[in-house]
Amino acid sequence: MQESAELLGHRYRFVPAPRAGRETARRPVLLLLHGTGGDEADLLPLGELLLPGAPLLSPRGTVSEQGAARFFRRLAPGVFDVDDLIQRTHALADFVQAAVERHGVAGRPVVAVGYSNGANIAASLLLLRPGLLAGAVLWRAMVPLEPEPLPDLTGTPVLLGAARFDPMIPNDNVEWLAALLRESGASVTLRWQDTGHGLTQADVREAAAWLATLWTDEESTQ
Ligand code: MLT
């Protein structure tokens, strides 16, 4: 397991592509964003399953909520400190740009894979820093904020992995997020699981298939 490193105030791990062979040279960097209370090691095993051969960049959230790492402050469950969210979204975007330079993968697209709090900041990255992410898998995300005007996300693929019985996220909040992203031009795939807030194997299978369609079929035809 790689050591954690630090850059622009973010602790993180970077796992390079196994070998920059022809078939993996165009794989995107997966930006792995953990849920509340997780850390930079959490999603690495999943990242390796999701898109084998992709470099992995996994930062730890810079906020501590009674010891639980998060990517931005909240006032209560589901009620966000929007000023803090905006500031930390830009700081995370700057970190991503610096980290891909540092690790020699600046030419590759960056695709976020976030769960819960990590999915919420990934949605915020899409909305506030268009152009940074080439796509995103958002598991159990909600609307983080509503920018005015909406960004131009034309053609950006986004997979929303939602849960019908999520006690933290009302179904209509997920529909609202899908609508905001679609209105911004993103190509949104919304998938519902009959489950709660926790991640399931079905979520992972679905995301792996979605990523493979977008980022491996394309390679094999070129
Ligand atoms: C959030 O704060 O981002 C959401 O409520 C999800 C969570 O992290 O619990």
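The model is predicted: local features need pLDDT of at least 70, side-chain atom pairs count only at pLDDT 80 or more, and totals for chains, interfaces and linings use all residues. Residues are numbered from 1 along each chain as its sequence is written, and side-chain values use heavy atoms, with hydrogens and water left out.

- Strands are DSSP runs of E with at least two residues, helices are runs of H or I with at least four, and both are numbered from the N terminus. Two strands pair if DSSP finds at least two bridges between them.
- Contact means heavy atoms within 4.5 Å.

**Strand 3**
- Strand 3 (residues 29-33) runs parallel to strand 9 (residues 110-115), and five bridges join them.
- Val29 stands opposite Val110 in strand 9. Leu32 stands opposite Val113 in strand 9.
- Strand 3 also runs parallel to strand 4 (residues 56-59), with two bridges between them. Leu31 has Leu57 as its bridge partner in strand 4.
- Five of the five residues of strand 3 are buried. Buried means under 20% relative accessible area, exposed means over 50%, and partly exposed is in between (1.4 Å probe, protein chains only).
- Val29, Leu31 and Leu33 point one way from the strand, while Leu30 and Leu32 point the other way.

**Aromatic pairs**
- The model has three aromatic pairs. Rings of Phe, Tyr and Trp (its six-membered ring) pair if their centres lie within 6.5 Å; planes under 30 degrees apart count as stacked, over 60 as edge-to-face and the rest as tilted.
- One of the pairs is Tyr12 with Phe95: the ring centres are 5.2 Å apart and the planes are at 65°, so the pair is edge-to-face.
- Tyr12 lies in strand 2 (residues 10-15) and Phe95 in helix 2 (residues 82-102), so this pair ties together parts that are 83 residues apart in sequence. Both residues are buried.
- Phe72 and Phe80 have ring centres 4.9 Å apart and planes at 85°, so this pair is edge-to-face.
- Phe72 is buried at 0% relative accessibility, and Phe80 is buried at 13%.
- Arg70 lies over the face of Phe72, 5.1 Å from the ring centre. A charge sits over a ring if NZ of Lys or CZ of Arg is within 6 Å of the ring centre and within 35 degrees of the ring normal.

**Two single residues**
- His10 is in strand 2 and is buried, with a relative accessible area of 5%.
- Leaving aside neighbours within four places in sequence, the contacts of His10 include Arg60, Thr62 and Phe95.
- Gly198 sits in the loop between strand 12 and helix 5 (201-215). Gly198 is partly exposed, at 39% relative accessible area.
- Leaving aside neighbours within four places in sequence, Gly198 is in contact with Tyr115, Arg140 and Asp203.
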